[in-house]
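Hi,

Here is the structure I promised to pass on.

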Amino acid sequence: NNALYWSIAIALIFFMGLSRELGSDRPAYIDEYTYISTLLGNFSSFLDNFLWLMAMGRMPLWILSEMLISTLSPDNFTLFQFIHVAFVNSIVFWFFKKYSDCKFLCVLIYFCTSFIVFNCEIMRESTAVAVSLLSIPYFLQRKWAKYYIICLIAFGFHASSIIMFLLPLIPQFQITKTKIFFFIIGIIVFFFIGTQLVIAIGNMLSSSFLEERFNSYFSSGLNIIGLLYNMTLNFILPAYILYYVKKRRIFFDFVL
């Protein structure tokens with residue numbers, strides 16, 4: 001079983017790591033990688049590129065990883081992609097094997113729902129997710145210093161991993177259906193008024209950057225069906241799962 005399991009992992013890593021056409025965001029990643037300053041360049045160029053990418057929403061550790069690998073292969077994005085795919089999927093497969101009795105089912109669900117996205121579309125965020133998974137053993141053992149150090153590293157790749165800083169607080173709250181209901185209502189209201197709120201804040205700051213980022217991550221030009229799908233997938237379903245595992249005392253028994 002273990003041999004088959006890791007054979008599947010290796011096959012998927014090579015399939016995705018060496019691909020050249022998959023992913024609608026791939027051209028943007030290639031452009032960023034191609035024109036980025038390398039660590040061997042002069043300091044002025046390095047600093048200018050670093051600050052420019054930070055202004056574009058890239059986190060420091062992601063920028064440094066691009067710069068580091070581009071010193072080894074400045075014109076070969078495939079190397080960067082392969083290292084990313086190998087890193088993310090090795091950790092994901094390790095996590096399934098360590099914490100699930102149905103690791104093959106987990107792999108199937110991962111492949112059907114997130115595999116392409118993690119490896120081609122949201123490379124920065126999937127790196128942060130992979131790093132965050134490394135913190136779970138320390139979370140379960142209540143080794144908070146090591147846990148938060150890894151969370152900080154994950155945050156250095158993508159800001160969305162800030163949620164990991166709040167994870168230890170979740171078992172302290174009583175989760176009820178009523179709270180889940182009002183949480184969902186709050187998310188729906190936020191989606192419909194959030195754009196105008198962000199535009200107003202952007203106008204106060206004389207910047208359209210916030211509006212562009214909001215549209216990129218939340219609305220994405222979707223119609224109402226796409227919007228409801230995103231809310232269900234990203235908010236409503238996770239909220240229900242959290243309620244279910246809390247009610248059944250799954251997982252949280254380790255940390256209470």
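Below is what I found, going from the whole chain down to single residues.

First, a caveat: this is a predicted model.

**Overall**

Of the 256 residues in the chain, 37% are buried. Take the contacts with a separation of 6 or more: 68% of them are between residues 24 or more positions apart.

**Two helix pairs**

Two packed helices are described by the angle between their axes and the distance between the axes. I picked out two pairs on that basis.

Start with helix 1 (residues 2–17) and helix 6 (residues 103–113), whose axes come within 11 Å and cross at roughly 15 degrees. An angle under 35 degrees counts as roughly parallel, so helix 1 is roughly parallel to helix 6. The crossing of these two is left-handed. On the helix 1 side, Asn2, Leu4, Tyr5, Ile8 and Leu12 take part, and they meet Lys103, Phe104, Val107 and Phe111 of helix 6. By residue type, that contact splits into 7 nonpolar, 1 polar and 1 charged.

Then there is helix 8 (residues 123–133) with helix 10: their axes come within 8 Å and cross at roughly 175 degrees. Anything over 145 counts as roughly antiparallel, so helix 8 is roughly antiparallel to helix 10. Helix 8 contributes Ala128, Val131 and Ser132 to the contact, and helix 10 contributes Ile150, Ile153 and Ala154.

Which loop holds Arg142? Arg142 sits in the one between helix 9 (136–140) and helix 10 (144–155). Most residues other than glycine have a negative phi. Arg142 is not a glycine, yet its phi is positive, at about 60 degrees. Its relative accessibility is 45%, so Arg142 counts as partly exposed.

And is Ser70 buried or exposed? Ser70 counts as buried, because its relative accessibility is 1%. You will find Ser70 in helix 4 (residues 60–72). The Ser70 side chain reaches the backbone oxygen of Met67, at 2.8 Å.

Cheers

Technical notes
Residues numbered from 1 in each chain as written. Predicted model: local features only at pLDDT ≥ 70, side-chain atom pairs only at ≥ 80, totals over all residues. Heavy atoms only, no water. Axes fitted to C-alpha atoms, helices over the stretch in contact; angles between N-to-C directions. Helix = DSSP H or I, 4+ residues; strand = E, 2+ residues; numbered from the N terminus. Parallel < 35°, antiparallel > 145°, perpendicular 65-115°, else oblique. Left-handed = near helix turned anticlockwise from the far one by under 90°. Contact = heavy atoms within 4.5 Å. Nonpolar A, V, L, I, M, F, W, Y, C, P; charged D, E, K, R; others polar. Buried < 20%, exposed > 50% of the residue type's maximum accessible area, 1.4 Å probe, protein only. Polar contact = N/O pair within 3.5 Å; in protein donor to acceptor, adjacent residues only side chain to side chain.
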